[in-house]
Amino acid sequence: MKKIIFTIMMCLPMMTYAQNVWERPDADNKAEQEKKEKPVKNVKDEGPNPDAPYLAGAVTEKDGSVQWTLDLDIPGRDAQSIYDTMLKFLNELTKEENQLEGSTVALVNKKDHIIVATIREWLVFKDNFLSLDRTKFFYTLMANCQDGHLTVDMNRVSFRYKEKNDKETVFKAEEWISDKYALNKSKTKLYRGSAKFRRKSIDRKEFLFNAIKNLFK
C-alpha cells in the first residue's frame, strides 16, 4: 500500500506539468481562424467636403464690410489701355440677360483711370419646370487701372429675396454671408438659411474675376 501511495505522489508533478504544456495541436489554427472570421467594423469614408471652398476665409472683409479684391499684374500694358478694356467689359456686363434695371457704369475718372459700376442682377439658386428660386443681387465693382496693374474691388453687396408670400426681404452681406453669420462655431459647416446665398455669391465673384483675368492673357 505504501508503495502505491509513493508511486502516485511521484507522478503528481509530472501530471501537473503535463496539464500546463499539453494542448490540442489545432488550437492555434482555430484561434487564428476565429480572428480572421471576426467581422471588421466598417469606417465610413465621407470623402472631401463639397463646401470646403465656401468655408472660413472665402468671404473676405475690409473695415467691417464684405469686400473681395482682385490684384492683377499686367506687364506691358499702360493705364489707359487697361482702362479702355475694363470700361468695355463693364459696359457689356451691365447689358447681359441676367441684369436688372439700374445696372450701369455709374462713374468714371478718366484722369486717374478709375471706373465704378453698380450691378443689379439675378442670382439663380434653382431653375427647373417645378420652381424658380432666385434673388436680386446688388454689388459695386470698382476698377483702378495703373501702368502694368489692375485692382478690382467687389463690395457693397446685398440681396433682395422674395419669399413664397411675395414679401421681399433685404439681406446685407455683412449680416448674412460673412463668416460670423454664415458658419457654425467650429467653421466646418454653413448654416442652412444663408448657405445658398454664400455659395452663389462666391461662385459669381470667381466667375467675374476669372473673366477679367482672361481679358489680359
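Start by selecting Asp-63, which sits in the loop between β1 (61-62) and β2 (65-73); strands here are DSSP runs of E with at least two residues, helices are runs of H or I with at least four, and both are numbered from the N terminus. You are looking at a predicted model, in which local features need pLDDT of at least 70 and side-chain atom pairs count only at pLDDT 80 or more, while totals for chains, interfaces and linings use all residues. Residues are numbered from 1 along each chain as its sequence is written, and side-chain values use heavy atoms, with hydrogens and water left out.

Asp-63 has a phi near 55°, a positive value in a residue other than glycine. Is Asp-63 buried or exposed? Asp-63 is exposed, with a relative accessible area of 75%. Exposed means over 50% relative accessible area, buried under 20%, and partly exposed in between, using a 1.4 Å probe and protein chains only; the areas come from the Shrake-Rupley method, and for residues only the protein chains shown count as cover.

Now jump to His-113, in the loop between β3 (104-109) and β4 (114-127). Phi of His-113 is also positive, near 60°, but His-113 is buried, at a relative accessible area of 15%.

**Strand β6 and its partners**

Select β6 (149-162) next. Eleven of its 14 residues are buried, so β6 is largely enclosed by the rest of the structure. Now look for its partners, where two strands pair if DSSP finds at least two bridges between them.

- β2 runs antiparallel to β6, joined by seven bridges; here Leu-72 stands opposite Leu-150.
- β5 pairs with β6 in the antiparallel sense over ten bridges, and Leu-141 has Met-154 as its bridge partner in β6.
- β7 (residues 168-172) is antiparallel to β6, with five bridges; Phe-159 is partnered by Phe-171 in β7.

The hairpin of β6 and β7 has five residues between the strands, with Asp-166 in the turn at a positive phi of about 70°.

**The pockets**

Show the largest pocket, with a volume of about 320 Å³. A pocket is an open set of points on a 1 Å grid over the protein atoms alone, with protein on both sides within 12 Å along at least five of seven lines, and lining residues have an atom within 4 Å of a point. Grid points are joined across faces, edges and corners, and the volume is the space filled by probe spheres set on the points.

Which residues lie nearest the centre of the largest pocket? They are Leu-132, Asp-133, Arg-134, Tyr-161 and Lys-162, out of 14 lining residues. The elements giving two or more residues to this lining are β4, β5 (132-146) and β6, and β5 gives the most, with five. The lining divides into three nonpolar, two polar and nine charged residues; Ala, Val, Leu, Ile, Met, Phe, Trp, Tyr, Cys and Pro count as nonpolar, Asp, Glu, Lys and Arg as charged, and the others, Gly among them, as polar.

Then move to the second largest pocket, of about 200 Å³. Its lining includes Asn-49, Asp-51, Lys-189 and Arg-199, and divides into three nonpolar, two polar and five charged residues.

**Zoom out**

Finally, show the protein chain, with its five helices and seven strands. Of its 217 residues, 34% are buried.

Note on methods
On a 1 Å grid over the protein atoms alone, a cavity is a set of points where a 1.4 Å probe fits but cannot get out, and a pocket is an open set with protein on both sides within 12 Å along at least five of seven lines; lining residues have an atom within 4 Å of a point.
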